[in-house]
Amino acid sequence: LPSAEATNLSGPLELQRRFQTTIFYLFLVTLFFSISAMEIAIWSLIGTILFATVTNKWRGLRSKTSPGISLGCDRLLGLFFTAICVSALARVPTLAGRWDVISEMRWIAVLYGLTYFIRSQLGARSEKVLLATAPLFAFVGLYAVVQFATGIDPLKGRHEFLKVFGPSTYRAVGFFNIPLTFAYSFGLLGTLFSVWFFFRQASLTARDRCIGGFAVACILAGILASGVRGAWLATGVTAVSVLPFLRRRTAFAAVAGLIALLAVLMLTSESIRDRAVTMVQIREHSNAGRVKIWRGHLAMAQDYPILGVGLGQTGQHLGRYYDKLGIKDGQIGHAHNNFIEYLAGTGIVGLTFYLLVCLFFLRLSLRAYRQHTSAGVPPGFIASLAIGCFAAQIYLHTGGLTEVNFTDGEVNHALIFVWSLTLAIGPVLTRSVSEGSERITA
């Protein structure tokens, strides 16, 4: 039996845990609906963690399962943040502009807080929590299909931002304002769920397989309904990227299924077929516009090769580069490419650290997968979750070739959630969590 002192200590700690868990669940829900709600939820979670840590230390309370704060990439993140700050101080003339650039890096603080919480709570019930999100994925996906088919947002009514997509269909935006944000945030989270489900479905009950399978179908339908060709391409590339992790027979079946699905879509949907064809048409309006934007940003990077012009500040300089290159009717805005955006905005220095950070998390997810798999044994929860995190990152980076999705607030919050999961299950952990035959160890 626990001592009286231990009983008195466990009460406040358990209350704190439940309160923080409630906020975390709210944060997961907000990832599908509102950037403002995301910010409120995540900073509330971080605030309660900090407050509990300080008060517990003052009161002499200590949890035996409290994880460390180190992420394993602290120095790399510090150098990345420093590079962004130096670029802003050197190139951005106004104090307000500098603050805007530096404040965009607050995702690092979110990464620390979210990872700390997930590490402290990850356990045998986590898979049930993940499966419980299936109805949410299904609801949002079906909501997008309704927008696609009717051009009407059931909550907001008909709006101009539901752009025409074919003769009688529209580009879905989900609960956001533009299709790009919806496709990359919903698609990123959906990729994590879908890949996890694909690897784990054989171990689930028949009821859970039906629910999860329906959710995956709704995720794919939502991405298609957005009309975002970069997201379509990212879905295909992501599917190919997970094939090496499958058994040969399963891989062949998956490829055959993808080809059959693509054939059905091309034959039955004129809207999807016509838009898919434009992906390879260089002179198509949006494709030609992106080429102009890339040319302008690359010319900018040649003039500011080391520190760039400041992250997110390229639009203020783009007009004169259009004039210099003789480009007419060029769109003013970001680079529509994560890598070119960082090259022009932060120079070689910032781009290098951006690439290193992204490669760190890709490598960590693969290491976590290998650590928790055994030859001839189907992947367990942790291994399936790891490959899901890897696939979600592939989805984001592939989409980032034609859109600056890393700095899009809604997408960035979803990515930081995936990175936090990767850190929580990765080899950098210094604690152990039993989960059936699997253990998360250093």
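Start with the helices around the largest pocket: select α8 (179-200), α9 (206-226), α10 (229-241), α11 (248-268) and α12 (270-277), each of which supplies at least two residues of its lining. Helices here are DSSP runs of H or I with at least four residues, numbered from the N terminus. This is a predicted model, where local features need pLDDT of at least 70, side-chain atom pairs count only at pLDDT 80 or more, and totals for chains, interfaces and linings use all residues. Residues are numbered from 1 along each chain as its sequence is written, and side-chain values use heavy atoms, leaving out hydrogens and water.

**The largest pocket**

Color α9 next: 8 residues of the lining come from it, the largest share. The space inside is about 1200 Å³. A pocket is an open set of points on a 1 Å grid over the protein atoms alone, where a 1.4 Å probe fits, with protein on both sides within 12 Å along at least five of seven lines; lining residues have an atom within 4 Å of a point. The volume is the space filled by probe spheres set on the points.

By class, the lining has 27 nonpolar, 8 polar and no charged residues. Nonpolar means Ala, Val, Leu, Ile, Met, Phe, Trp, Tyr, Cys and Pro; charged means Asp, Glu, Lys and Arg; the others, Gly among them, are polar.

**α15 against α16**

Select α15 (residues 338-371) and α16 (residues 381-399). Their axes come within 8 Å and cross at roughly 160°. Axes are lines fitted to C-alpha atoms over the stretch in contact, with angles from 0 to 180 degrees between N-to-C directions. That angle makes α15 roughly antiparallel to α16 (over 145 degrees). Show the α15 side chains, including Y354, F361 and Y369; on α16, F390 and H397 are among the partners. Contact means heavy atoms within 4.5 Å. This contact has 15 nonpolar, 4 polar and no charged residues.

**α16 against α17**

Among the contact residues are L385 and C389 of α16, with L415 and W419 of α17. The classes here are 12 nonpolar, 2 polar and no charged.

**α5 against α17**

Finish with α5 (residues 107-121), whose axis comes within 8 Å of that of α17, crossing at roughly 45°.

Key
Angles under 35 degrees count as roughly parallel, over 145 as roughly antiparallel, 65 to 115 as roughly perpendicular and the rest as oblique.
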